[in-house]
Amino acid sequence: MSSNPSPLADRTAALLLKGYTWLPGLVRRYGTPLRTRLAGRPTVALRGPEAVRFVYDERHVVRGPALPEPVLSTLFGKGAVHTLDGEAHRVRKAMFLSLLTDPRQVADLTEQVADAWERAVPGWAERDEIVLFDEVAAVLAEGVCRWAGVPLRDDEVGPLARDLVAMVDGFATGGPRHWRARRARARREFWAAGVVEEVRDDALAPPEGSALEVIARHRDADGLPLEPRVAGVELLNVLRPTVAVTWFVSFAGHLLHHRPDVRDRLWTDDAAYLAAFVHELRRFYPFAPLIGGQAPAEVSYGGERIPEGGLVLLDLFGQNHDEELWGDPYVFRPERFLERPVERDELVPQGGGDPARGHRCPGEAITIALLEALTLRLARLEHRVPDQDLRISLHRMPARPRSGIRISVTGT
């Protein structure tokens, strides 16, 4: 490793200003492990499959204590599974795994979302143009609520979708987006807690095994049911990440517009190519820039000492664009996933490690299934893309096409 930047210089402002380019830029200049400082705390940044395994080992790094309050008050919610470690985390995480990794549940959710898409398309064709980002968010919100057993009137779909999008859109910034996210979080936690209480009071009977029923009846490691607000938080932690797939679908729209050759290939009913496209989409486009945790005791990695309480960052965006792993990382080439098997801890758009034992996102299988279903439908949707600002700024977290992808649907 080359000499580090000054370990005394706090780089929080640089992260917020430079976004996705901040940590890859430092790693490109200084290598890893890289010592820096964030929020006044000593920080070590890592990258690579071996680093993924290190970070997702609770003997080295724990996640709960490292989550900053602004993230809890927007993205995850206070008391969420993300704030837990050890046995408490494993028991709560098992609840999510039962819902989000069961192939039958994945297939049922995908079917509900696909049905919502099919119902929406005729209405899109009647309008001069739609904003793909907004319409996909509504499709996902409607589909996941039907699947989860959450009652939702037609006029409630749009407001819920906007609130769930706001929670994701404002967690990594200040200003209006952040305060919009906080308001959306508070509003929806109150709503979700009320839905949970209706189930417990037998005023609402969701289907057995549905997300709402499982979360409302769940007992934690202490044998007690979740406090209604926390149960509402966890219900949102099923709904919100599903609606966050909106980002990837808008990226698919961006890519298909710029690469008609890829769109033509998707028409051929080649399941292997579709799967490779989805993996490449998740690798190529910016989603999570990094994840962080805290050292529970003094540890070391690659000869770099990490003090107890020090922050540890894993450079997700940088790893997904690492030349040593991908060869030509800034070329969109789905074929790379057909040429060789990719190891679990190489591709990390939603984190790494084993979801059953660590903090890796348990909804990754759902993300992939939904992207396969919606990408195929988007590729086959007859539409045109008018002139607009399609730039994607890597300084904005989370990144998204500036226009939201405006399209005119010309056929159903």
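Asp169 and Arg177 are both buried. The two also pair up: a salt bridge joins Asp169 to Arg177, with their closest N and O atoms 3.8 Å apart. Keep in mind that this model is predicted. Side chains of opposite charge can pair when their charged atoms come close.

How many salt bridges does a search of the whole structure find? The count is 42. Two further pairs are worth a visit.

Start with Arg283 and Glu280. Their side chains meet in a salt bridge, 2.8 Å from N to O. Both residues sit in helix H14, which covers residues 271–284. They are 3 residues apart, or about one turn of the helix. Are they buried or exposed? Arg283 has 0% relative accessibility, so it counts as buried. Glu280 is buried too, because its relative accessible area is 0% and the cut-off for buried is under 20%.

Now turn to Glu118. It forms a salt bridge with Arg377, and the closest N and O atoms are 2.9 Å apart. This pair links distant parts of the chain. Glu118 lies in helix H6 (residues 103–125), while Arg377 lies in helix H18 (residues 364–380). The two are 259 residues apart.

Notes
Residues are numbered from 1 along each chain as its sequence is written. This is a predicted model: local features need pLDDT of at least 70, side-chain atom pairs count only at pLDDT 80 or more; totals for chains, interfaces and linings use all residues. Side-chain values use heavy atoms; hydrogens and water are left out. A salt bridge is a side-chain nitrogen of Lys or Arg within 4 Å of a carboxyl oxygen of Asp or Glu. Helices (H or I, at least four residues) and strands (E, at least two) are DSSP runs, numbered from the N terminus. Buried means under 20% relative accessible area, exposed over 50%, partly exposed in between (1.4 Å probe, protein chains only).
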